[in-house]
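Please open the model in your viewer and keep the selection tool at hand. The stops below are meant to be visited in order.

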Amino acid sequence: MHHLRHKSIIALCVILAVLYFSSDFALIDIEDTAIVVAMGIDKTQDGFEVSAQIGLPQATQQTSNNNDTIISAKGKTVMDAVELLGTQTGWHPKLAFCNLIILGKDLLTHDITTLTDNLLSSEKIQNSAMLAFSQTSAKDVLTAVTPLDAISSFAIQKILLKNDRTLSTVADINVKNFALLNHGRGNWGYMPIIRIVKGSIEGQESGGAGKTSDLFDDKTLLLAKKQPDNRPIAPLLSLNDNAAASNLSSGEGGSDSSSGSSQKKENVVFDAAYTALFSNGYLVDYLTPEETVCYNLLNSPSDQILLKSQVGDTIVMLEVFGTRKKIKLDYAVKPTIKLELKINVRFSDSTKDISGESLGRQATVPREYCAALEKELTKTLTDMTLRAYRKGVDLFDVRELTYRHYNKQFNDLKNLPLTSFVPQVDIKVSSKD
Amino acid sequence: MTLSNERNKLKLRQVCFIFIALTPVTKISLLPSVAASFLEEQLWLGLLINFVLDFIVLFAILLLLKKHDNAPIFDVVEQKLSPTCAKILFFLYSIFFFLKAIIPLLEQQDYVQNTLYEVTPTVLVFLPFFAVSFYSCLKELKIFGRCVDISIWFTLLGLGLVLFLALPICRIERLMPIIQKPTYKLIKGPFSTIIWFSDSVYMLIFAGHFLNQKQRALKISLSYLSGAVLIIVLAIIFYGAFGPIAKTRFWAIPELTIFSIAIANATRFDYIAIFLLLFSQVFAIILPIFSSVKCLQLALNLKRSIIPASIINGLLFLFVIVFSNRLFKVFGVIVNVFGWIFICFGYVVPILLLLLPRGTKNAPLKA
């Protein structure tokens, strides 16, 4: 009997082993798998083109050509194109390691809600994948060659994926957070714009770092129009400001020594300091680098970034080492969004010798520099908020705040136009701990 | 008739561990998402209502045990009412536990397929679970005592790692407003999630089969409370992370952990937590199956549990084959059609059992 029991247990173990390993855990051979590290999505006439950047193992003495890592396919939907990637190349595209999704400029005229919703609901793609909008086609960005990394998407991720506390120069966002905003009560969203700041993809002449006129070329400027579903979208998207060569830390991915000359492919460097703003799924506006920093100061941990303060001819760079922020709504007299920000700063650098007393990490920054910075930030915040509200972008989530803090009156207040909200900015800059 | 002899009794510590390590892990996969779909920001309040109701039942059962000197409930009913009544009651409890096992079982199958596999595997890969379940059902309650002594560490480490990774993405303001209209959601929500609760009823199975040690009621209550706090904290972090899209994020644990900067920079080491919790979940899902088998064994007055174990595991096996990947349809049917069974046997009957008189009808009861 005892012998029979042992035999039964062994037989059971064999059966279990067969059951477990018969499908090899349904794994696909690694040789047949393309591990996609980044994905570019471009709009075509009748669907989408998906370009997938594959992580290829490299020998230490050999670097792979960036173009060799790209496979692309066209389909009616994004997932259709992804499926075609598999059938056309014979590789099974594994998207679980895809950390970056770039949307091409052709999506400028497209409601990206469906697209991002599909990305969110897909079990193949991680919701932590970062989203970025491209100045050019997404495929061009992925095929671009950069000196920063053998694989272009890794270079872009270096710009986007930084430590939480030093992220304030780039308005990074992932699939989940974009969907949260887009499906929130404000129906808005944002994502960083990947920009070529040096060199060009096709080896054309480049204007050098900081020119914003190439953020979107003139032909892609959108005129205000109504979509069939009556969604108000896209007033003029003109980018004629000259402030891109920001003295604020701009979120550039790196630098190159040969700017301004005839560029080779190796000279492409990316920047993500600009931020695209979406309302109801449509791109309607953008934030400049200064505005992006201001937005991040109020919305994310913001240490170790540099802010510029100018008094007369003297420019002083102040390092932020702590912020306290509060965003409140007040409906008492007039709908008001109160933006309160207290920033602790210390000297980092200056164009002119400041008195020795003021230098050093523990020294007190003279009041005039703090006041100048307060004035500059107040103006920037007020202007960008008013402009965003005019474009229908619920910057600072007034609808969500109304729902949370004025829940009983929410049904009455939710239809107030954003333009009826007055921003009241209160910024205090000091060098005291 | 008893399920175990003195040597095979659970220690009080093991009963407490069951309420910390096993019953909470059935509530960490789909429940946060389902609760969010009914209650939105108030999901934690709905879960709190469920736990308070469970706690009341637990308190009632602990009183019942005190009243009858920790005697097996089957024996109590048999002597105070009649053997037929006891058999009918335990037959009905067998059905209750069978129903209680279905959703966690299908949920687990779906969860494993979606989380661990790149492409959906054949349903056969889940079948070894039934081998473990069948084997456990043939054993005495002590088997859970031994398992839970190990799985308590798995659960605590797994949940600890998940909460640690998820906490930075939680925005607590997303849970505001705390109270909102319409309040009927606070009735509908807890009812819709009722199938994950009524865990206090396991005490009816444990009654008479664990050692009667000091401060029994206090220790069991605190253990239950600890499990409840863990789940409510997890639900709060889940909604704080996902807000209005929480209802679309079905598998809470892997959804919560992937946003950590450490995961982005290193690798998916959160799978350690997922596997640790999966280990505990196996025994947590077997617990209602085991309870169903033992109730059926008592109802049919059988000396060995091989026949009820074969029936219950066989039926669940068929159920998984037929309803594989139909989790949400089955969930809807069980809540809408059989929801009253959960109210009746999870809450009403245990409290009514308190009405059974103290003392003996024929002979004194002994555990």
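Begin by selecting chain A: of its contacts between residues at least 6 apart in sequence, 71% join residues at least 24 apart, a contact being two residues whose C-beta atoms, placed from the backbone, lie within 7 Å. Chain A contains 10 helices and 16 strands; helices (H or I, at least four residues) and strands (E, at least two) are DSSP runs, numbered from the N terminus. Of the 433 residues in chain A, 44% are buried. A residue is termed buried if 20 or more other C-beta atoms lie within 10 Å of its own, exposed if 12 or fewer, and partly exposed in between, with C-beta atoms placed from the backbone.

This is a predicted model, in which local features need pLDDT of at least 70 and side-chain atom pairs count only at pLDDT 80 or more, while totals for chains, interfaces and linings use all residues. Residues are numbered from 1 along each chain as its sequence is written, and chains are lettered from A and ligands numbered from 1 in the order in which they are written.

Next, select Val50(A), Cys98(A), Ile101(A), Ile102(A), Ala132(A) and Phe238(B), the residues with the most contacts inside the largest nonpolar core, which has 217 residues. Such a core is a set of buried Ala, Val, Leu, Ile, Met, Phe, Trp, Tyr and Cys residues joined through C-beta atoms within 7 Å. Helix 13 of chain B (residues 270-299) gives the most to this core, with 17 residues. The core lies between domain 1 (31-288) and domain 2 (303-433) of chain A, because both give residues to it; these domain bounds come from an automatic or database domain assignment.

Stay with Ala132(A). Beyond its neighbours within four places in sequence, its contacts include Leu100(A), Ile156(A), Met191(A) and Ala272(A).

Now colour chain B by pLDDT, the predictor's confidence in each residue, from 0 to 100. The mean for chain B is 89, and 95% of its residues reach 70 or more. Within chain B, confidence is highest in helix 10 (residues 216-242), at a mean of 94, and lowest in helix 12 (residues 261-265), at 76.

The last stops concern the backbone. Most residues other than glycine have a negative phi, and most peptide bonds are trans. Select Met176(B) and Pro177(B), which are joined by a cis peptide bond with omega of about 0 degrees. Pro177(B) is in the loop between helix 7 (142-166) and helix 8 (185-192) of chain B. Finally, select Asn70(B), whose phi is positive, at about 55 degrees. Asn70(B) sits in the loop between helix 3 (43-67) and helix 4 (73-80) of chain B.
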